[in-house]
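Work through the following exercises with the sequence and the coordinates at hand, and settle each one before reading its solution.

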Amino acid sequence: RLRLAFCGQLLCVVPYEVTEAAGFFAEEDLEVELVYTRGGNAAMQALVGGAVDYAGTAFDVALQAFSQGAKIRRFAQTGRLPLFALAVSPAMTDEIAALKDLQHRTVGISGLGNADHTLLLYLLNKAGADAATVEFAQMGPNLYDALRVGHVDAGMVQEPALSLLEAEGGKTLVNFMDLRDTETHLGGDYAFMGVSVRAEEREERLDEMRRLARALQKGLQHLQTMAPSEILDALPSELIAGGDRAQLEGILMR
């Protein structure tokens, strides 16, 4: 039995839950406990601290942890696009039209040092904006309500928050979940989500790591053939409770 931690956002969890539901972990003789956390940093901290066996995080989180001395190795990639978009609150759409307009504004992020924060700093720097004038509000992975009611002026969101905000009158400045935007701002696709292990356990876990990677590869391939309704059926009911199922299916299809 092994424990795999990852960010609890909808699109982050899909490959792992689909792999589990389709039985691909079991096919590789693995019993995997999927552990939801509040952002990639929390998943990485759980790995480094020994609470879990593996962590699925954004590349930025793994790179930052490694640069700060964490003895980890990233060995499998499960996504090629950052699962974030920079959205503007419905109340601020007339005042915020470009990245530079975020100066002297409050912008919601999941947490300092998380992938969304790193990507936002990159965007601000590239646009010539002074990031020191931006107030970053750490709000965990669910920014939707704070953006909707205007507690923050803009924020880095995922789905379904992005679609819900657009329906409420908000707008998108950058959508990294769209390959065209990612190519425009980052120059191409991006090795975003992936799995890391503690470096000192690499040799003893090597066979297990290969089986885990094979299972996830099968899950990712299976995802390409599934209808959105089937993907939703594979997810825990708590994850989609209270959501508009038809809207969620449309988001997954996109």
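**Exercise 1.** Decide whether threonine 106 is buried or exposed, and find the residue whose side chain makes a polar contact with the side chain of threonine 106.

*Solution.* The model is a predicted one, and within it threonine 106 is placed in strand E6, which covers residues 106–109. The relative accessible area of threonine 106 is 18%, and the cut-off for buried is under 20%, so threonine 106 counts as buried. Its side chain is joined to that of glutamate 135 by a polar contact of 3.5 Å. Once neighbours within four places in sequence are set aside, the residues in contact with threonine 106 are Glu135, Ala137, Val152, Asp153 and Ala154.

**Exercise 2.** Classify glutamine 64 by its relative accessible area, and list its contacts beyond four places in sequence.

*Solution.* Glutamine 64 belongs to helix H4 (residues 59–67). Its relative accessible area is 28%, which lies between the limits of 20% and 50%, and therefore glutamine 64 is partly exposed. With neighbours within four places in sequence left out, glutamine 64 touches Asn41 and Gly113. As for glutamate 17, which is 47 residues apart from glutamine 64 along the chain, the two C-alpha atoms are separated by 26 Å.

**Exercise 3.** Determine how the axes of helices H1 and H9 are arranged, and which residues make the contact.

*Solution.* Two packed helices are described by the angle and the distance between their axes. The axes of H1 (residues 10–21) and H9 (residues 202–223) come within 8 Å and cross at roughly 100 degrees. Since angles of 65 to 115 degrees count as roughly perpendicular, H1 is roughly perpendicular to H9. On the H1 side the contact is made by Val14, Pro15, Tyr16, Val18 and Thr19, and on the H9 side by Ala215, Leu216, Gly219, Leu220, His222 and Leu223. Sorted by type, the residues of this contact comprise 8 nonpolar, 3 polar and no charged.

Methods:
Residues numbered from 1 in each chain as written. Predicted model: local features only at pLDDT ≥ 70, side-chain atom pairs only at ≥ 80, totals over all residues. Heavy atoms only, no water. Axes fitted to C-alpha atoms, helices over the stretch in contact; angles between N-to-C directions. Helix = DSSP H or I, 4+ residues; strand = E, 2+ residues; numbered from the N terminus. Parallel < 35°, antiparallel > 145°, perpendicular 65-115°, else oblique. Contact = heavy atoms within 4.5 Å. Nonpolar A, V, L, I, M, F, W, Y, C, P; charged D, E, K, R; others polar. Buried < 20%, exposed > 50% of the residue type's maximum accessible area, 1.4 Å probe, protein only. Polar contact = N/O pair within 3.5 Å; in protein donor to acceptor, adjacent residues only side chain to side chain.
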